[in-house]
Amino acid sequence: MNDASQNVTLDKHFDAAGQEARLYAGWEAAGAFGAHPQSNAAPFSIMIPPPNVTGSLHVGHALTMTLQDILVRVRRMQGRDVLWQPGTDHAGIATQMVVERLLDGEKTNRKEIGRDKFLERVWKWKAESGGTISSQLRRLGASPDWGRERFTMDEGLSKAVREVFVRLHGEGLIYQDRRLVNWDPKLQTAISDLEVETKEVKGSLWYLRYPVEGGAEIIVATTRPETMLGDSAVAVHPENPKYKDLIGKFVILPLTGRKIPIVADEYADPEKGTGAVKITPAHDFNDFEVGKRHNLLSPSILDRQGRITLAEIGEVPDFTKSLEGMDRFAARKAIVAELEAQGVLEKIEPHTNQVPHGDRSGVVIEPLLTVQWYCNAGVLAGPAIAAVETGKIEFVPKQWENTFFAWMRDIQPWCISRQLWWGHRIPAWYGPDGAVFVAHDEAQAQAKANAHYGERRAITQDEDVLDTWFSSALWPFSTLGWPEQTAELAKYYPTDVLVTGFDIIFFWVARMMMMGLHFMDDVPFKTVYIHGLVRDERGQKMSKSKGNVIDPISLIEEFGTDALRYTVAASAGPGRDVKLGKAKVEANRSFITKLWNAARFCEMNQVVPNPDFNPASAKLPLSRWILAASNKAIADATAAVEAFRVDDYAFAVWHFVWGDFCDWFLEFAKPAFAGGGADAAEIRAVAAYVLGVLLRLMHPITPFVTEEIWDHFGYGAACSLINASWPQAAEVSETAAASADVAWAIQLISEIRTVRSEMNVPPSQKSPVLLKDASAETLARAAAWQEAIFRMARASSVGELAGEIPRGSAQAVLNEATIILPLAELIDLDAERVRLAGLRGKAAAELDKVNAKLANEDFVKRAPEAIIAENEERRASFSAEIIRLDAALSRIA
């Protein structure tokens with residue numbers, strides 16, 4: 001027994017709060033998480049999806065990090081040289097906003113203090129407050145190689161970023177272009193699609209009469225009348241007979257007097273609105289594509305602050321001139337009023353619209369035409385698509401490959417520049433005439449400029465930084481030392497598996513594939529294990545506005561880390577979102593308690609590890625049965641992990657530990673524990689052996705409680721379970737007969753318990769157990785298991801039925817025999833029939849209500865998905881209850 005546990009027996013309860021930090025520190029001190037590049041062991045590597053340095057642990061982290069930790073702990077125990085690479089992302093916008101808020105509190109801002117001072121403040125904040133997420137991952141029991149922790153802005157990764165940018169630019173795959181981006185007018189930067197949150201907004205649909213040159217008119221509908229100032233065309237479907245004669249003609253754009261063409265384009269849906277669509281290429285992504293197809297002008301009428309600008313639309317009437325510099329929403333009101341005054345406004349209809357908002361700023365996002373840096377994702381996507389098509393990379397579950405292909409085959413140029421100060425500054429410098437010099441550093445850029453101009457000219461670096469996803473895309477190889485050819489890069493790349501949510505398949509997973517294949521000439525990982533999102537217990541998405549956000553740290557503090565880890569693992573079915581609630585974690589804590597109590601029971605019954613015990617020597621049927629069950633649990637758990645079915649793994653250990661070991665083996669073993677002799681010695685040795693197996697089996701899911709028990713029993717040195725070997729199946733003789741024998745006893749006792757429970761027989765009342773039509777083998781088994789049947793099934797006797805079935809008996813069937821329980825003397829059978837019939841009536845009434853709801857098309861159409869799922873669960877529950885009650889009634893018919 002180790003120094004940490006000198007008590008005679010285990011404490012009554014596992015003190016998670018008191019022991020977890022000590023156990024984790026023990027693992028770290030022992031170097032248990034470390035990778036060993038020089039070892040001969042086969043590698044197994046996983047890259048942590050780097051959480052934002054500004055972040056704190058949320059339920060999504062709890063899920064993905066638990067799943068990864070389970071995989072790496074299993075592989076570690078299987079003897080692999082595991083590298084679980086940790087690190088954090090510099091999170092450009094998020095981190096800049098945090099520090100800007102601090103400056104606001106000091107009555108200053110970044111522009112006042114300047115770029116260099118601002119960046120100093122960010123690094124200072126990072127040093128003081130940026131480690132929160134890493135410390136919280138320790139609370140979760142995560143076991144990455146902390147000594148190798150990286151940060152996307154550290155010098156090594158920054159060198160990799162510059163190298164990639166310079167090379168891709170040299171290959172023509174990074175370039176500047178003027179295209180539409182998601183523009184955040186508050187943060188003053190382009191943002192990615194992932195940072196755009198679409199909100200349902202109640203607004204209006206304005207129908208506008210555009211006069212056609214020559215006398216007719218065409219009516220268009222818009223949710224954004226202010227953008228009409230930048231209209232370049234009106235599009236109609238080429239096959240729409242209503243407008244066929246107008247194609248090629250021009251309309252006079254109200255408020256500007258500009259002539260714009262009516263073009264034929266399939267983007268215009270004849271069934272939607274009026275069938276005619278105003279085209280504003282500079283302020284709508286679909287319109288931008290229409291504009292490209294028809295070579296339309298793309299005048300911008302909103303500036304970077306979201307104010308009206310008229311610089312690109314030429315001469316306009318006085319009213320329109322008055323809009324210059326006006327906020328977009330104020331301009332909308334003014335324009336609608338003027339259109340109404342001019343008789344251009346046909347009508348206004350209420351309209352619910354999906355409006356993009358910045359997820360951090362909260363303001364409405366504008367599609368804006370700006371010059372940005374782009375990466376030619378189309379070229380880079382080809383090898384990534386091929387890698388999945390040929391099976392070099394596999395998605396688990398496989399259906400996510402379809403999502404991947406849909407995105408990748410329609411990929412657009414990737415906007416990689418951001419108008420921020422915090423991030424990887426773009427390694428491009430400009431000469432006085434705008435010439436661009438891309439280089440690893442300023443000295444190299446200056447040398448290029450000198451050669452270009454034939455003399456030294458001043459150069460200035462691009463003000464923008466790179467999209468955070470750019471550096472994240474390099475994570476699988478930059479963290480291993482690339483562009484240097486390190487031992488780590490040679491051994492751990494490509495990595496084995498990437499574990500992540502489906503929401504970043506495109507933003508991160510695909511881009512790692514593109515960059516890895518391009519620069520390493522190999523895939524960055526062999527398997528992509530996609531898990532669902534974590535929702536509340538009703539299946540609703542968590543949000544602050546709903547008040548249903550769950551803090552994993554508070555769950556850890558209340559129920560222990562193991563209970564939380566087991567809950568998310570058991571819920572993580574393939575392609576399925578995880579429903580998480582406090583009640584679920586609390587319920588799973590009982591599993592941890594069950595294991596702890598079983599260990600205490602073993603210890604109180606002198607169960608101690610016996611390294612000399614050979615499972616093949618086991619003689620008792622009970623011993624052979626539990627050893628065979630142990631072998632099955634090992635096989636099931638191992639197969640589940642190999643198939644990335646962590647939920648099946650969790651179920652396999654639950655079934656074995658709670659069911660086979662605790663509920664049956666230890667209960668059956670009580671007489672042996674109380675007695676002496678060879679049988680008792682064997683049962684104790686078997687109990688110790690199987691306890692050692694199940695602790696190793698459970699450790700990757702519930703590391704703390706298993707390590708504490710392992711250490712306390714003295715299976716190994718302190719904090720050594722993490723590096724113990726994964727259990728292997730043992731040689732056990734004559735398992736078939738033993739398993740059949742014990743399985744029969746379990747089934748008999750279970751059937752009797754079920755009947756007694758359904759009939760409401762008080763536990764204090766014992767009843768005879770009579771066997772009708774039983775074979776000689778069954779009667780022999782009943783005699784052999786008599787003690788267990790008396791004790792565990794509350795039987796007063798067990799034997800063959802002689803004569804007729806006693807009046808008032810309940811019945812159940814087991815194989816060829818019918819189990820008879822005479823209950824007339826124990827309960828009022830008539831009252832019991834009435835009670836069961838009443839319960840059935842209530843269940844049937846509830847089922848009818850639920851069926852009526854789910855048959856109501858209007859309810860199904862309008863109700864949230866979570867409510868539908870809840871009602872379907874209730875329907876299944878009531879249906880099962882009716883079947884159970886019908887069975888109970890039939891037993892006493």
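The sulfur of Cys602 lies 8.1 Å from the closest cysteine sulfur, that of Cys662, which is too far for a bond. A disulfide is taken as a pair of cysteine sulfur atoms within 2.5 Å, and the count by this rule is 0 disulfides. Cys602 is buried, at a relative accessible area of 0%, and Cys719 also counts as buried, at 10%; buried means under 20% relative accessible area, computed with a 1.4 Å probe on protein chains only.

The model is predicted: local features need pLDDT of at least 70, side-chain atom pairs count only at pLDDT 80 or more, and totals for chains, interfaces and linings use all residues. Residues are numbered from 1 along each chain as its sequence is written, and side-chain values use heavy atoms, without hydrogens and water.

A cavity is a set of points on a 1 Å grid over the protein atoms alone where a 1.4 Å probe fits but cannot get out, and lining residues have an atom within 4 Å of a point. The volume is the space filled by probe spheres set on the points, which are joined across faces, edges and corners. There are 2 cavities of 30 Å³ or more.

| Cavity | Volume | Lining classes |
|---|---|---|
| Largest | about 40 Å³ | 6 nonpolar, 4 polar, 1 charged residues |

The lining of the largest cavity includes Tyr529, His531 and Arg576. Among the residues that line the second largest cavity are Asp184, Glu195, Asp359 and Arg360.

Note on methods:
Buried < 20%, exposed > 50% of the residue type's maximum accessible area, 1.4 Å probe, protein only. 1 Å grid on protein atoms, 1.4 Å probe; cavity = no way out; pocket = protein on both sides within 12 Å on 5 of 7 lines; lining within 4 Å. Nonpolar A, V, L, I, M, F, W, Y, C, P; charged D, E, K, R; others polar.
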